[in-house]
Amino acid sequence: MNAGADFVDSPTPEVRLFNRRDLPLILLFSGSLILAVALYHLSGPFFFALLALLFVLLSLVSLRLSFIFLLFTAFLNGLQWDVYENITVRPDQVAVLLFLLFFVLSYFRHKTKYFKTPLDRPILLFLLLNFVSSAALSPIPAISLRKFVLLALYSLFYFLTVNAILNQEGEERSIGMLKIFFLISLSPMIFGLLDFFFFYISGAHLGGADSILARQLLPGLERDVQTFRIFSTMHEPNIFGSIAATLGLVFVGFLFSGLKFSPADSFFFILFSLTAILSTLLSFTRSAWLSFFAGLILYGLFRKYLHLEWRRIFRFTIPLLAVLLVAALGIFVVKTDLLLSYKEKLGRLIDYKTGTGVTRLQLWEAVLRDVPTSWLLGHGTQGHLALFDNDETVGLANFPLDILHSSGVLGLIVFAWIQIKLLLLARRAIRSSNNQFIAQALRILSVSFVAMWVSNFFICVYWLSFPWVFTALIAGYSQRVLKPSADSSPSHENPPPEP
């Protein structure tokens, strides 16, 4: 891979990020994910034992390989093992604890260095507020403290991902990790689309999608029709749709950018964009659609700042729309039930009274009424469960409201501070970078991050590794620009050949 070598000296650098050898990598990651799903359905305990063993073996070879595996597990949120009552284990939880162990061992052996970032203190303060409110103010302290531990566990993804990026020696290897993240992120979308096509042909599912009566989501439909939702290896369609929409914006942003791409890179970003947009569409998730549209609007409003070119927009929008139109015709002509359900959903895209909107509003109203009883520090992590008979299956599905109720106005201010600080950090790095690819990547990631917040109003991202990883990507590459000494971090490993 020759990522990063040709981005600085030329006034119009050619991006050579991908090549034909990356197609087998896509197959490797996608095949590994499908194998993971098969093993999981064969035996949950066996799957988790094998996952832990494989992670340990990779970590003994190279911390870089174990980090790649850690990124891979961030997309396996839906593969859970219910160990005891409400105690659930997920692959990313196992992986992050093991990676922490090996990172600490590597640190004390002077092979890696720990890097601080401007977001460290705000995140730790946010965790501290949640701990205090959970221990002292929660009506259900046992549940709140357990949920706080889970929140702290997922926050490790930020700290470890940032440090994994900053410990990469040289710009080329650093950019190579971003490339690997893109390739890995395709695997759950490819699996979801394969599940759809399998259903399209046979009427059965592979395990990453479901069919439900559309009236469960769209009470206004005049007759019963079946609709289809992809969730792939994530916990639910809303989560999968949010991730697909966010990554779709990233890929489209690169496709429209003013960087001069090699033919291979243009091909890959077209392929990635189509995969992500189709996945977002077939998730049948209104919040994901709105998030993607919001990102496109931001691209239009800040086109000049984002260095997007009308020439490239027109050049690639037409073939993208043509392929999507052909796919839609192929789907809806045969599956007329899907056409009816999509027509209803799109027709009422912003009507909050349709679908699950009414139920969510009732839930949010009950939680909002309880906020004033402990408005400053909140009611503890997921303390709102006390309002619903401690039923841990009740999801608030609104991250800002969850923060407000859990850690109060103070927690909401701190969390907003984290988001603003991240964007300001990226802005400083964009202005300082002499690497046009990194600067462009930070612009695109920042816009996608902002657009992701549209869907975060309809899901809870406490319990997901992806948002922490995505935040860490922006912070990590910003720090590499602002603190170039990261390239000289001590490392005595003999790294394996570039995967």
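In the predicted model, Y84 stands opposite I87 of strand β3. Strand β2 (residues 81–84) and strand β3 (residues 87–89) pair in the antiparallel sense over three bridges; strands count as paired if DSSP finds at least two bridges between them. Two residues lie between the strands of this hairpin, and E85 takes a positive phi near 45 degrees. Helices (H or I, at least four residues) and strands (E, at least two) are DSSP runs, numbered from the N terminus. Residues are numbered from 1 along each chain as its sequence is written. The model being predicted, local features need pLDDT of at least 70 and side-chain atom pairs count only at pLDDT 80 or more, while totals for chains, interfaces and linings use all residues, and side-chain values use heavy atoms, with hydrogens and water left out.

The loop between α3 (63–73) and β2 contains A74. A74 has a relative accessible area of 3% and is therefore buried (under 20% relative accessible area, with exposed over 50% and partly exposed in between; 1.4 Å probe, protein chains only). Beyond its neighbours within four places in sequence, A74 is in contact (heavy atoms within 4.5 Å) with D92, M234 and S465. Its C-alpha atom is separated by 9.9 Å from that of T233, 159 residues apart along the chain.

A426, in helix α14 (residues 399–432), counts as buried because its relative accessibility is 1%. With neighbours within four places in sequence set aside, the contacts of A426 are L442, S446, I474 and S478. The C-alpha atoms of A426 and L445 are separated by 9.2 Å, at 19 residues apart along the chain.

Residues up to four places away in sequence not counted, F251 touches F182, S185, L186, M189, F269, F272, S273 and A276.

The second largest pocket has a volume of about 700 Å³. A pocket is an open set of points on a 1 Å grid over the protein atoms alone, where a 1.4 Å probe fits, with protein on both sides within 12 Å along at least five of seven lines; lining residues have an atom within 4 Å of a point. Grid points are joined across faces, edges and corners, and the volume is the space filled by probe spheres set on them. Of the 23 lining residues, I277, F292, F293, L321 and L324 are the closest to the pocket centre. Helix α11 supplies the largest share of the lining, eight residues.
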